[in-house]
Amino acid sequence: MVQLISADQYGVIGDPISHSQSPSIHKLFAQQLGHSIDYKAYHVSENQLESFIYEFRKKGGRGLNITLPHKTTALKYVDIINPRAKEADAINTLIIDEEKIIGDNTDGIGLINDLEINFNQSLKNKRILILGAGGATLGILSPLLKREPKNILVANRTASKAKIVTSKFKSNFSLDACGINELDSEQIFDIIINATSIGITKQSINFPSFIITENTVCYDLSYSYEPTLFMRWSVENKAKLAIQGWGMLIEQAAASYCLWRDKKPNTSSILKQLNINASSQVLRRL
Ligand code: NAP
């Protein structure tokens, strides 16, 4: 008699979640590697987080991605925190078995791989501005600092939050924090990373345009089938190049997949398979 073995269960949890492209990406990875997996997006609010994670494990779930706004809160429900998640104080991946839940963070490696490998942007000695101080910023700060930029400034709408985030790396003299409204027109940035959630919540841009010069490369962690508002605003204000976060999304997903199944998917064809038009992923100043 043929025994039916159900596919391993994975998923992504967040609030909101309808924008998530992770199910399509993981499906493509599984097809590429000939694996049988089931990966779904779940809308999980803060008060459902604990029960959802334990229930998912009880039903045999093997791994979860964690997206906004749960990247820090979810730390409470893991047994082991891998070093890069500990440095970030935030997780985007849970590796689950009957005995333990391990938390990790692949956001940083996702961004670095996209900038360095896919876009050939060196980070060494660069002056970097990060807008936003939420879960994504926590994940990318330590990997960015390891690339030895000249300095990193984290500017957040709520200045106190930027200071809390950067205080975790107190000994690093090249790191500073301020409010977005405290940005100074004398400061020059080679790379500006939008790590606010304005792309998801469809809010308007409230950043001062003087942060951009004609040599600035802008990177929006948000992603969309069209150029994002931040990308358009960046090139309208004469940025050299504006990139959106599809590459980071795919690279962080591949790193999570590898943690779960010990096989690294090839990411080079995924953008095309998702029907993402290269001209909407990147805008260049005319
Ligand atoms: P989060 O923890 O909810 O943080 C949101 C951040 O946005 C906070 O710093 C918040 O500032 C700021 N913010 C919200 N509305 C704002 C406004 N109107 N003006 C200025 N700042 C505003 O979210 P997250 O997890 O860090 O995610 C941030 C973004 O990164 C999301 O769009 C997410 O989809 C994206 N992301 C993409 C990838 C990828 O792979 N491409 C990976 C991770 C995250 P306050 O502190 O003042 O509230």
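User: Which backbone oxygen lies 2.6 Å from a polar atom of the side chain of His70?

Analyst: Happy to start there; this is a predicted model, where local features need pLDDT of at least 70, side-chain atom pairs count only at pLDDT 80 or more, and totals for chains, interfaces and linings use all residues. Residues are numbered from 1 along each chain as its sequence is written, and side-chain values use heavy atoms, with hydrogens and water left out. His70 sits in the loop between strand E3 (63–66) and strand E4 (80–81). The backbone oxygen at 2.6 Å from its side chain belongs to Val44.

User: Is His70 buried or exposed?

Analyst: Buried means under 20% relative accessible area, exposed over 50%, and partly exposed in between (1.4 Å probe, protein chains only). His70 has 0% relative accessibility, so this residue counts as buried.

User: Which side chain joins that of Asn65 in a polar contact of 3.4 Å?

Analyst: Asn65 belongs to strand E3 and is buried, at a relative accessible area of 5%. A polar contact is a pair of N or O atoms within 3.5 Å; within protein, one must be able to donate a hydrogen and the other to accept it, and residues adjacent in sequence count only if both atoms are side-chain atoms. For Asn65, the side-chain partner at 3.4 Å is His26.

User: Which helix gives the most to the shell around the ligand?

Analyst: Helices here are DSSP runs (H or I, at least four residues), strands are E runs of at least two, and both are numbered from the N terminus. Helix H5 (135–146), helix H7 (198–201) and helix H9 (246–261) each supply at least two residues of the shell. With three residues, the one that gives the most is H9.

User: What share of the ligand's 930 Å² does the protein bury?

Analyst: An oxygen atom of the ligand is 2.4 Å from an N or O atom in the side chain of Thr158, and one is 3.0 Å from such an atom of Lys161. Taken alone, the ligand exposes 930 Å² (Shrake-Rupley method, 1.4 Å probe). Of that area, the protein buries 90%.
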